[in-house]
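Here are some notes for a colleague who will be reading this structure alongside the text.

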Amino acid sequence: FAFIPAMTAVIVGVLGGLTLYLNDPDFIKMKPTIVYLLFALIIAIELVSGRPLLGKAMTAAMPPIDAMGKRSLLLRFLVFFVAMAVINEVARRALSTDHWVMWKVFGGIGATFLFSLAQIPLVSRHRLPEPQDAS
């Protein structure tokens, strides 16, 4: 899963470079939109193909869940990432750079944190039973 951080670094490098070279902050403000859409695309490919891509990384830090729960979780994150891309584009176009930074730092990160917390009931409902020791 080194692909995701590497792709994000490339996007930051290219858009950050364009921001500095052209003195236009819109390029760096597009980065979250592109990253959100990249995550959504990876999840969509996983849902269609059945191959574990991003879902494996997403579920590594939580208890194992059944297939229906994993699919529901991936669908929710797909919708969330698309919505966040749209929201970022609206904010990028409507807000000053200073206000956009405030949105990005507090609104975007806060929304991601709260959305992730809101998934706990789904994970709890679909949690697989703990294996019993044979001792």
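1. A residue counts as lining a pocket when it has an atom within 4 Å of one of the pocket's grid points. The model discussed here is a predicted one, and in it the residues that line the largest pocket are Lys31, Pro32, Val35, Tyr36, Phe39, Phe80, Phe81, Lys104, Gly108, Ile109 and Thr112.

2. The volume of this largest pocket comes to about 160 Å³. Its lining draws at least two residues from each of α2, α4 and α5 (97–118), and the largest share, five residues, is supplied by α2.

3. Sorted by class, the lining of the largest pocket consists of seven nonpolar, two polar and two charged residues.

4. The largest nonpolar core holds 19 residues, and those touching the most other members are Ile43, Leu73, Phe77, Phe80 and Phe81. At least two residues of this core come from each of α2 (26–49), α4 (67–94) and α6 (120–125), with α4 giving the most, eight residues.

5. Is methionine 68 buried or exposed? This residue, which is found in helix α4, has a relative accessible area of 59%, and because exposed means over 50%, methionine 68 is classed as exposed.

6. Where the chain position of methionine 68 is concerned, histidine 126 lies 58 residues away along the chain, yet the C-alpha atoms of methionine 68 and histidine 126 are separated by 7.5 Å.

How values were computed. Residues numbered from 1 in each chain as written. Predicted model: local features only at pLDDT ≥ 70, side-chain atom pairs only at ≥ 80, totals over all residues. Heavy atoms only, no water. Core = buried A, V, L, I, M, F, W, Y, C linked by side-chain atoms within 4.5 Å. Buried < 20%, exposed > 50% of the residue type's maximum accessible area, 1.4 Å probe, protein only. Helix = DSSP H or I, 4+ residues; strand = E, 2+ residues; numbered from the N terminus. 1 Å grid on protein atoms, 1.4 Å probe; cavity = no way out; pocket = protein on both sides within 12 Å on 5 of 7 lines; lining within 4 Å. Points joined across faces, edges and corners; volume = space filled by probe spheres on them. Nonpolar A, V, L, I, M, F, W, Y, C, P; charged D, E, K, R; others polar.
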